Amino acid sequence: MEHVPAADYVVCASILRDKDAGAMLTALSAAGTRFVATQSSNARALPADDLATLAKRYFAHVEVAADPAAAVARAHELGEAVLVTGSLYLLADLARHEREPAA
């Protein structure tokens, strides 16, 4: 977390199941105490519920929003500083959502 400015972040993340989720969550817990679990559209993504279960070991407050855009919105409701991280697949899903016309 040496490249992330110091703040009390709400962490919003998706982690692929073939990654070391425990190590990633340990590192991310240094950024804040609130976590919103989500999942990218990649087939290798941990289901958001499973990620939330793991995250409860590292964060005081954990919520689930499987849809990435909803997860980011919820993170913003929980706090001013939001750190969105995980796989590039999550960022691609969010970018795709931003490009979609509003219904």
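1. Start with arginine 44: in this predicted model it is partly exposed, and its relative accessible area comes to 32%. Its side chain meets that of aspartate 18 in a salt bridge, at 3.3 Å from N to O. Why care where the two sit? Arginine 44 belongs to the loop between E2 and H2, while aspartate 18 belongs to the loop between E1 and H1, so this pair ties together parts that are 26 residues apart in sequence.

2. Now have a look at arginine 74. Its side chain makes a salt bridge with glutamate 63 (2.6 Å, N to O). This one links distant parts of the chain, since arginine 74 is in helix H3 (residues 68–78) and glutamate 63 is in strand E3, 11 residues apart. Arginine 74 also forms a salt bridge with glutamate 77, at 2.9 Å from N to O. Both of those residues are in helix H3, three residues apart, or about one turn of the helix. Put together, Glu63, Arg74 and Glu77 make up a network of salt bridges.

3. Arginine 74 is partly exposed at 29%, and glutamate 77 is exposed at 57%. As background, side chains of opposite charge can pair when their charged atoms come close.

4. On to the sheet. It is open, with four strands in the order E3-E2-E1-E4 and parallel pairing. Strands E3 (61–64) and E4 (82–86) are at the edges, each pairing on one side only. From one strand to the next, the twist averages 20°.

5. Which residue in E4 is the bridge partner of alanine 13? That's threonine 85. Helix H4 (residues 88–99) packs on the sheet and touches E1 and E4, with its direction at about 120° to that of E4.

6. Finally, the inside. The largest nonpolar core has 17 residues, and Val11, Leu25, Phe35, Leu51 and Phe59 have the most contacts inside it. At least two residues of this core come from each of E1, helix H1 (21–28), strand E2 (34–37) and helix H2 (48–55). Apart from it there is another core of 11 residues, including Val36, Ala65, Val82 and Leu94.

7. Setting aside neighbours within four places in sequence, its contacts include Val11, Leu25, Leu28 and Phe35.

Definitions and conventions: Residues numbered from 1 in each chain as written. Predicted model: local features only at pLDDT ≥ 70, side-chain atom pairs only at ≥ 80, totals over all residues. Heavy atoms only, no water. Pairing = 2+ DSSP bridges. Axes fitted to C-alpha atoms, helices over the stretch in contact; angles between N-to-C directions. Contact = heavy atoms within 4.5 Å. Core = buried A, V, L, I, M, F, W, Y, C linked by side-chain atoms within 4.5 Å. Buried < 20%, exposed > 50% of the residue type's maximum accessible area, 1.4 Å probe, protein only. Salt bridge = Lys/Arg side-chain N within 4 Å of Asp/Glu carboxyl O.
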